[in-house]
Amino acid sequence: MKESNALSSKDLTKLGLYSSFLQASFNYERMQAGGFTLAMLPALNKIFHGDRQKISAAMNDNMEFINTHPNLVGFLMGLLLSLEENNEDRSLIKGIKVALFGPLAGIGDAIFWFTLLPIVAGISASFALQGSIIGPIIFFSVYLTVFCLRIVWTHLGYNLGTKALERLKDSSRIISKAATILGVTVIGGLVASYIHIEVLSQIAINAEHSVSIQKDFFNKIFPNILPMSYALFMLYFLKRKRISPSILILGTFIAAIFLSFLGVL
Amino acid sequence: MHEITFIQGLELAVMAIIVGVDFWLEGLFLFRPIIVCTLTGIILGDINTGLIAGGLTELAFAGLTPAGGTQPPNPILAGVMTTVIAFTTGIEATTAIGLALPFSFLMQYIILFYYSSFSFFMAKADTYAEEANMNAFIRLNILTTAIVALTYGIVVFFSTYVAQNAMQELVQSMPTWLIHGFEIAGGILPGVGFGMLLKVMLKIQYIPYLIIGFLFASFIPFSNLLPVALVGTALAIYEYFRDKAQMASQTAIGGGGSNEGI
């Protein structure tokens, strides 16, 4: 379906690397538009053989608001450039861009921020806490791989062209659901392992005996019941009351210091 | 009790510039506390403190992500300062997280300021796009990134080298219950981050998986989270193929339902 391939495999690899400049001039007005345009400049220049009018038209279109995921944006860039190369109508190219950047951001956030990060952070932190350098090494290796995959997504977007759209729509829902299941399971484990609340208070029954609230009460009901309650308590404030995380962090500190002063925790 | 030398201050500033650019571009994730703290520990010659601080701060910041355009408390300053405060004052890393937070909030607000003020560059970028002036367009993007990079260097140099004595005096004047309070808060803090993650991810149909992960980690103590991740992977694969089969059978029953309408 493509008449000619103006971009070589090497150009696409470079494009994948340049896509890392997506947020170079991030701002609230256009978000990633500046970096998005920047990353595609060398490829656009090649496709249009330095024709200033065409380059200007493409730059103008790309300078419109965009907010998508840095790890997956190469896919979108490759796809759009394959359309540019076919001399497709400008409004079609723009339409596809606008239609795709949101869903890509959604998939990217679900996979990279909400699934991969808690898992890799949880595992590598558990090593680091034991004083092992393996922790940061695991972390770095995983993200280096994720970074290199940018090049793969870029090639994929360019080579699949518009064929990619259908495929993306079909499988994105199932993939992000599976990713969410993995992520939620790990968060359950993180809550149990890494939130520490130990109640020090004891209730004196008589001179010799006292009941420890933590050991004799909470641990008998269910171990880690306090950490889970606290996480759900935070969830309630964040979701239902829409309180900002910064306020909750400050609140956690104030509460902890107050309870420490009273000797409860 | 340790001193940070002038050279170490400069080294920390250079490191902050590199990881700061990485955070700005969201590139290699060098900006996460686990990496920042380790690098800080290496620069200070105390890698062990760096690793412990890294593990703790990483967990505390696990859910505080910039996904969806909200800027979280800055993970770089949290990482650098948790390690530096633990190193210079000799307190536990759990306590140091709390003392590092003001620096983290400060940097968060500086970045928010840049997000707003960089909007003014966009008119210039539009002009360059109109003229197809590619070199000027590239320079503009480099300028904005450089402003951010330089800011990280300066803030970290002042927060570490210049402020260290004030920080030591502050910690020495703190009563035990206050230090203990900070320590407890450091242990509870991941709860806020996990709450953030759950806010985005937890729909009612996913509650069973939260319970499974929680139960597993509560009753099968293991030094790291790999087993839980494996259980999660098993569940995810199971659901994935179930959904796929369901989708395939739906299209089979529909008999190419998309054609019927024509």
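This is a predicted model: local features need pLDDT of at least 70, side-chain atom pairs count only at pLDDT 80 or more; totals for chains, interfaces and linings use all residues.
Local features are given where pLDDT is at least 70, side-chain atom pairs count only at pLDDT 80 or more, and totals for chains, interfaces and linings use all residues. Residues are numbered from 1 along each chain as its sequence is written, while chains are lettered from A in the order in which they are written.

**View 1. The contact between chain A and chain B.** In this view, 92 residues of chain A are in contact with 95 residues of chain B; two residues are in contact if their C-beta atoms, placed from the backbone, lie within 7 Å. On the side of chain A that touches chain B, the elements giving two or more residues are helices H2 (33–47), H3 (52–62), H5 (90–128), H6 (134–160), H7 (163–194), H9 (225–239) and H10 (245–262) of chain A. Helices are DSSP runs (H or I, at least four residues), numbered from the N terminus. H7(A) supplies the largest share of this side, with 19 residues. By class, the side of chain A that touches chain B has 58 nonpolar, 28 polar and 6 charged residues. Here Ala, Val, Leu, Ile, Met, Phe, Trp, Tyr, Cys and Pro count as nonpolar, Asp, Glu, Lys and Arg as charged, and the others, Gly among them, as polar.

**View 2. The buried residues of helix H3 of chain A.** Which residues of H3(A) are buried? They are A:Ile55, A:Ala58, A:Met59 and A:Asn62; a residue is buried if 20 or more other C-beta atoms lie within 10 Å of its own, exposed if 12 or fewer, and partly exposed in between. These residues cover an arc of only 100° around the axis, which puts them on the same side of H3(A). The arc is that of the directions from the helix axis to the C-beta atoms. An α-helix has 3.6 residues a turn, so residues three or four places apart point the same way. The buried residues of H3(A) pack against H2 and helix H4 (73–85) of chain A, together with H6 of chain B.

**View 3. Helix H3 of chain A against helix H6 of chain B.** The axes of H3(A) and H6(B) come within 7 Å and cross at roughly 150°. Axes are lines fitted to C-alpha atoms, for helices over the stretch in contact, and angles run from 0 to 180 degrees between N-to-C directions. H3(A) and H6(B) are therefore roughly antiparallel to each other, a term for angles over 145 degrees. A:Ser56, A:Met59 and A:Asn60 in H3(A) meet B:Ala129, B:Glu130 and B:Glu131 in H6(B). The residues of this contact divide into 2 nonpolar, 2 polar and 2 charged.

**View 4. Helices H6 and H7 of chain B.** H6(B), residues 121–131, packs with H7(B), residues 134–162, at an angle of about 160°, and their axes are 9 Å apart. The two helices are therefore roughly antiparallel to each other. From H6(B), B:Phe121, B:Lys124, B:Ala125, B:Tyr128 and B:Ala129 meet B:Ala136, B:Phe137, B:Leu140 and B:Thr144 of H7(B). This contact comprises 7 nonpolar residues, 1 polar and 1 charged.

**View 5. The surroundings of A:Val191.** A:Val191 lies in helix H7 of chain A. This residue is buried, with 27 other C-beta atoms within 10 Å. Apart from residues up to four places away in sequence, A:Val191 touches A:Pro227, A:Met228 and A:Ala231, as well as B:Phe194 and B:Phe214 of chain B. A:Val191 and A:Ser229 are 38 residues apart in sequence and 9.6 Å apart in space, C-alpha to C-alpha.

**View 6. Two loop residues with a positive phi.** A:His49 is in the loop between H2 and H3 of chain A. Its phi is positive, about 50°, although A:His49 is not a glycine. A:His49 is exposed, with 9 other C-beta atoms within 10 Å. In chain B, B:Glu26 is found in the loop between helix H1 (6–25) and helix H2 (33–44). Phi of B:Glu26 is near 50°, a positive value in a residue other than glycine. With 18 C-beta neighbours inside 10 Å, B:Glu26 counts as partly exposed.

**View 7. B:Val200 and B:Gly63.** B:Val200 is in helix H10 (residues 190–201) of chain B and counts as partly exposed, with 19 C-beta neighbours inside 10 Å. Although 137 residues apart in sequence, B:Val200 and B:Gly63 are 9.8 Å apart in space, C-alpha to C-alpha.

Conventions:
Angles under 35 degrees count as roughly parallel, over 145 as roughly antiparallel, 65 to 115 as roughly perpendicular and the rest as oblique.
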